[in-house]
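Take a look at the model, and then follow along.

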Amino acid sequence: MPESKKPKVAVWKFASCDGCQLSLLDCEDELLAIADAIEIAYFPEASSTVIKGPYDISLVEGSITTPHDAEHIHHVRRASKVLITIGACATAGGIQALRNFRDVRQMVAQVYASPAYIETLSKSTAIADHVFVDFELRGCPINKAQLVEIVSAYLHGRKPNIPRYSVCVECKRRGTPCVMVAEGALCLGPVTQAGCGALCPAYQRGCYGCFGPTETPNPRALSEHWKALGTSSDEIVRLYRTFNAFADAFRKESEAHEG
Amino acid sequence: MKDKTATVTRVIKVDQLARVEGEGALYVRIRNDVVSDVKFRIFEPPRLFEAFLRGRAYSEAPDITARICGICPVAYQMSAVHAMEHALGVSVTGALRDLRRLLYCGEWIESHALHIYMLHAPDFLGYPDVIQMAKDHPETVKQALQLKKIGNEIVRLLGGREIHPINVRVGGFYHLPALADLHRLREQLQWALDVALETVRWTAALPFPDMEYDYEFVALHHPDEYPLNEGRLVSSRGLNIAIDEYEKHFAEEHIAHSTALHSDLKGHGAYFVGPLARYNLNFEQLSLTAKDAAHAAGLPTFCLNPFKSIIVRAVETVYACEHAIEIINAYEPPPRPAVDVQPRAGIGYGASEAPRGTLYHRYRLDDRGMILDAKIVPPTSQNQKIIEDDLRRFVSANHHLADAELTTRCEQVIRNYDPCISCSTHFLRLHIERE
């Protein structure tokens, strides 16, 4: 078969739920056009075709949690011209980074009858902690329009248009009344990066931080406000410790409230 | 030197099983035309959900457990909220209960359309993926993508987004959908229903390997409705228990080659969960249209061929589209999006029917509603044993096939179960060894 001239794209998976790579298959209207513009060279969830690297773009989902994966990510990096991490697991360690605050051996014993069979690292870490990453696409899950944007930006050699401002900006733009001001809902919107379209406040609940810390966040001021609303330290810790618990700004703020 | 009685060993291996959700491997060794070892290995890195749920609030379980699986987050949210409501003595009825069923129908439609057309059909038709399949069957694939999209539209409307919905809470929802949006959805669902019926005919015409086995099927069963969120757990060999008796009857076992725990029905052995089990145990509860479609497609009311699960998924898609329309037709907005929930100490059990089978949750709460311990049994870990058994049976009956063909067929055997390895912990590597 003649070598295709189309850019080769690979999709890799580490510890994760599969949701971010599923976002690609969830592009129902764009999928066939995307598949026309690129060569899907490695994407096991969708295809049994395996085309050897190097790859023009690698999309990496998931966090590093095992010794094997800590090795494997270096192979992925070597095979990739551009490496883009997708989702909270790959960019911040994901929900499984909750182990980073506890004793992982004890946790393994709580789940598995024979902990000796389980090989796992004491911390779940972002891909960028192990190899150079060209772009981190945030979200739990990622926004599929942003995924199409980032792939298209790299294919055309232009700067991706992914805003770093907070969820509050999206809320104002959407015309949603502030759920924290109006209803006293505990909302992470002021310190969380936009990307979801400010979904939670539009559904009358506080943002819970899927897209991780915004640029220059001030979580201390937010925590003070929550305290004034009568929130316990314990609850503040849990609010910062979800899907981006090990992202720097969230991690530090949660630690500041730990008893 | 080999002599006449020397052992002949064949080892067939596929280093990576594709078109499944997650990471696993398969290993088959055939010695003198007899299968000597079969391992369906799961080496998805463990993520330890049951451990870090300890110390979290009851209200956090639906959002946290959704992250176990990006393919069926609604299933996790539904099992979680029902278990919590059981623990807290709350029952969600009427329109809120119906909206939950509607949301679940959305997940069934999108997940079944994904598996039928994008993951499983390429096996039957000999393509590596749906993209290649689209070159020869462009209209079918375009239609399939639209069907999947409509399933996702339901999840988006009721859940806020298709992956990890944000609108599900213990007690109900955060926000109710607008009537106009539901009515718009109904028009799309009418189209989807026709496509689902066509999908039944299309899948029924695929070439099916002749393989039947008298499995023990296990699924939820409800006298008045096809099971989604509620019911008793029944089996084709007489099991009939309430959800809170689950752990008395089912045991999990931790084996060396897998990070997913294997499940066993005590005293019975391996059992089968998923669409085929649901269909066989709940045929009477299907809608008339779905029943007629199954009959017309020549599908028996009790089907023993696991390859035909692709037709059953299509029949369930018919049901889900039709049921979704019914729910929208009957919908009267409830007074509030959720019922009141007060924390208290207790144990709660929940089981719901994920697209790929029964998903069990159990939580123990303290008096502030904080989780003391949690147990989650996903469908794929329950099917692991039956998948290994099927492989053993299939290879034994088909060892005359050349390695390449046998390997492809083995992968198809696995995909019959739509395994979600992310759920069961995740990458399938197929490795057949012939001795």
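**Asking what the words rest on**

Author: Gln204(A) sits in the loop that runs between α9 (199-202) and α10 (219-228) of chain A. Please keep in mind that this is a predicted model.

Reader: What is the phi of Gln204(A)?

Author: Phi of Gln204(A) is near 65°, which is a positive value in a residue other than glycine.

Reader: How do you know whether Asp18(A) is buried or exposed?

Author: The count for Asp18(A) is 29 C-beta neighbours inside 10 Å, and the cut-off for buried is 20 or more, so Asp18(A) counts as buried. Asp18(A) is found in the loop between β1 (8-13) and α1 of chain A. Its phi is near 85°, again a positive value in a residue other than glycine.

Reader: Which residues are joined by a cis peptide bond, with omega of about 0°?

Author: Gly53(A) and Pro54(A) are, with omega at about 0°. Pro54(A) belongs to the loop between β2 (39-42) and β3 of chain A. A cis peptide bond also joins Cys140(A) and Pro141(A), where omega is about 5°. Pro141(A) has its place in the loop between β5 and α6 of chain A.

Reader: How do you know what length helix α6 of chain A should span?

Author: The expected span is 1.5 Å times one less than the number of residues. Helix α6 (residues 144-156) of chain A has 13 residues, so it should span 18 Å, and its end C-alpha atoms are 18 Å apart, which agrees.

Reader: Which residues of α6(A) are buried?

Author: They are Lys144(A), Gln146(A), Leu147(A), Ile150(A), Val151(A) and Tyr154(A). Looking down the axis of α6(A), you find these buried residues within an arc of 155°, so they line one face of the helix. They pack against α1 (19-25), β3 (55-61), β4 (80-86) and β5 (135-137) of chain A. Just after α6(A) comes Gly157(A), with a positive phi of about 65°.

Reader: How do you know what radius of gyration a compact globule would have with the residues of chain B?

Author: With 435 residues, such a globule would have a radius of gyration near 22 Å, and chain B has 22 Å, which agrees. Chain B comes to 14 helices and 14 strands. Buried residues make up 60% of its 435 residues.

Reader: Why are β6 (218-221) and β8 (240-241) of chain B said to stand at the edges?

Author: The open sheet has three strands in the order β6-β7-β8 (chain B), paired antiparallel. β6 and β8 of chain B each have a single partner strand, so one side of each is left without a neighbour in the sheet. Four bridges join β6(B) to β7 (residues 232-235) of chain B, and His221(B) stands opposite Arg232(B) in β7(B).

Reader: Finally, how many residues of chain B are in contact with chain A?

Author: The number is 46, and they are in contact with 48 residues of chain A. On the side of chain B that touches chain A, α6(B) gives the largest share, five residues. The residues of that side divide into 21 nonpolar, 12 polar and 13 charged.

Definitions and conventions
Residues numbered from 1 in each chain as written. Chains lettered and ligands numbered in written order. Predicted model: local features only at pLDDT ≥ 70, side-chain atom pairs only at ≥ 80, totals over all residues. Contact = placed C-beta atoms within 7 Å. Helix = DSSP H or I, 4+ residues; strand = E, 2+ residues; numbered from the N terminus. Nonpolar A, V, L, I, M, F, W, Y, C, P; charged D, E, K, R; others polar. Buried ≥ 20, exposed ≤ 12 C-beta atoms within 10 Å, placed from the backbone. Arc of directions from axis to C-beta. Pairing = 2+ DSSP bridges. Rg over C-alpha atoms; globule rule 2.2 N^0.38 Å.
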